[in-house]
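Visitor: I am new to this structure. Please take me through one part closely, the metal site.

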Amino acid sequence: MSTIQAAEKPPEDIEIPKPELSIVVEFTGGLEMLFSDQRRHPLSIPVTNKEGNPLTIADLIEHLCNHTMKDTRKELFVLDDHLRPGILVLINDADWELEGEEAYEIQAGDNILFVSTLHGG
Amino acid sequence: MDSVTNKAEQLREKIAQTEKELQNLRRQLNELESPIQNLDVDQGHSSTSTTKQPGEASSPKWKWPLREEEYSRYGRQLILPTVGIKGQLRLKSTAVLIVGAGGLGCPAAAYLAGAGVGTLGVVDGDIVETSNLHRQIAHSTSRVGMMKVDSLVEYCQGLNPNVTYVPHREHLTPQNAEGIVSKYDLVLDCTDHPTSRYLISDICVLLQKPLVSASALRTDGQLIVLNNPAAAQGAANGGPCYRCVFPKPPPADSVVSCGEGGVLGPVVGVMGVLQALEAIKLIAGGIGKAAGSDPKEPVAPSLLLFSATSTTPFRSLRMRSRRPNCFACSAGSTLTLKELGSGSLDYVQFCGVTTPVNVLKPEERISATEYKDILAGKSHKGLLFDVREKEHFDIASIPGAVNVPFSILQRHGRPTVGYLTPEHLSDTIPAEAPIYVVCRVGNDSQIVTRRLKEMGLDGNGERDIRDIKGGMLAWKHEVDRTLPFT
Ligand SMILES: [Zn+2]
C-alpha cells in the first residue's frame, strides 16, 4: 500500500520548472533494441542532478534507465551501477575517456552516443 | 542412410582431388604461356632500384623490380600515389595473417591477394557450411564440408597465383599463437568472439604487430586499427591495443553471435573489404620496416561505425590512446610471451561462459513428442505460445501456435496479465486449459514459463503451464524433419 501512496505524492519542486538541457542521445550496436528500437533520442534533461550539481554522464545513464529505457533487461546497459563492460560512450564523436568519463558535465547540444561492441564476423 | 552418406563422402573426396589436379594443370599452362615469369628476378632490390635508367633497353636481362605480368596485374593500383612502385614492392615483401576465414576473412583475403601481398596466411579450424555461403563469398556450394582455410586459399590462388599462401588448419590458441603470428608483419582479426579478440590483441602486443580489427552483426559493423604504431610494451608512441579500448570483456550473456542475431552479407562484406583497405594503406605507407628514421607519432586511432539502416551509414569516432594501466601494453604490464604460451591465461574463463538455462523442474517440461501426442489426442489442446522473434515464427511454426516474442515480454516492463489478454488468452479458453511454451532451443521458453507462473496464470496450480524441452530444434528432430530450422 505504501508504494501506491508514494506514487500519488506530487513530484517535488513542482512549483519551479527545472531548467532543462536539450541533447541528443544515440544508441547503436544493438543497444537500440533496449530503447524502443530507436537509435536517436532527442531529449530534454534537467540541468542539475539530485544534489544540485551539473548533470554528468553518470547522471545521464541513471536518467536513461529510469525514464527512457522501457526494456526490463537493465543489466544489458548497467551493471553494478556502472555502464556494462563492452559499451563505449562517445561525447560529440570522441571517446569519453578523452573527456573525463562518467564525470563529464553535459552541455546543451551535446551528442552522446552509446555503442555496444560487436563480435560477429 | 549410411550408404548415401558414404557415397556422398566419396564423391566429395573425388571432386576435391579432381579440382586439385585441375588447378595444377592450370598453373602449368599459365607458366608455359608466360615464359617471362620464369626469368630470374632479383627481388632483393631495395626501393632505390626503382629509379629507371633509360638507354639500357638493349640488354635482354630483365632489370625491373617486378615481373612483366605483375606490371599488368597491379598497373591500376601502381599508378596511385597511395601505392606507387614503392608501395607495391612493400606489399610484395609483406606477410599478412588473417585470423578467421569467414564473413570478414573472405573479402579481406580476396582483396589482399588481389593487391599482391607477398605471403597470405589464414588461420581457421572450421569447415564450410551451407549457412556460411550468403556472406563468406570465397567459399562455394561445391566446397561445403571442406576446411575453410583450404577453400579460401583455393579461391585466392585462382585470383592471384603469385602470392604465397600459408594455410593454418586450426584455431588460434595461446599455445600456437606465437609460432603462427611471429611469421607475419600484420594481423587482421576476422574472428567472431571476444575470447579470440583478446588473445589476438595480446599476441600482437607481445610480438609488436599492428592489428586491423573488425566485427559485424545484423546490419552494423565496427572497424579499428590497433597497435599502430606497434611499439614495445610501455612505449609512449605505441597505439592502443584491444584491451586499452575494452579493458573488461562484456558479460557472456550479452554477446550475440551471427547465428543467433543474424547478419546481412554485404554488411560483414563491407567491413572485411575495409580491413583489407586499412591493411593496404598501412603496408604501402610502410609499417615497421619503413626506411624512415623518424619515429612515428602515435596515431590517435579512430573507430569506424557502419550502420546499414542509418541515415548516416558511416561514422568515425576519435578514440583514446594507450591506457596507462593497460593489462597488456602498459609499462607495468606483466604479460609475457612465456606466460601467454603456457596457457596460464584462460581466455575462455576471462570472457565468461554462458550456462544453459535450467530454471524448471522436470515435471514442468514436456518433450516435443509428448506435445505431438497432445495435439493428436482428444483432451483439450490448450494454448501454445511460440516465444521466438516474429521473423523466426514467420518462417515456420507448429500448427496452432501463437507468436508472443520473448523480446516483447522483456520490453514490457513489469509482468502484467493484461499484456497477454485478450488476444492470447481469449475467454473461450477454459481457465484450466494448459499453456505450453516453445522457443528456438529451449532456454527462453523456461524463463517465460517461470514468468507466466509468477504472473499467476497457473491459477494456483489449476492450470498446467509447461515448456517444450529443446524447443523447435527438438520438434524438428523428434516430430517434423521437414521443419526449416533457423
Ligand atoms: Zn593496451
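Guide: Start with a term. Buried means under 20% relative accessible area, exposed means over 50%, and partly exposed lies in between, using a 1.4 Å probe and protein chains only. At 1% relative accessibility, Cys241(B) therefore counts as buried. Cys244(B) is buried too, with a relative accessible area of 0%.

This is a predicted model, where local features need pLDDT of at least 70, side-chain atom pairs count only at pLDDT 80 or more, and totals for chains, interfaces and linings use all residues. Residues are numbered from 1 along each chain as its sequence is written, chains are lettered from A and ligands numbered from 1 in the order in which they are written, and side-chain values use heavy atoms, with hydrogens and water left out.

Now the zinc ion. Donors are N, O and S atoms within 2.8 Å of the metal (3.2 Å for Na, K and Ca); water is not among the atoms, so sites may look incomplete. The protein donors here are the SG atoms of Cys241(B), Cys244(B), Cys326(B) and Cys329(B). They lie 2.2 to 2.3 Å from the zinc ion. Along the sequence, the spacing of these donor residues reads C-x2-C-x81-C-x2-C.

Next, the geometry. Four donors count as tetrahedral if all angles lie between 85 and 135 degrees. Around the zinc ion, the four donor atoms subtend angles of 92 to 121°, so the arrangement is tetrahedral. For four tetrahedral donors, the ideal angle at a metal is 109.5 degrees.

Note on methods. Four donors count as tetrahedral if all angles lie between 85 and 135 degrees; four count as square planar and six as octahedral if opposite donors are over 155 degrees apart and all others between 65 and 115; anything else is irregular.
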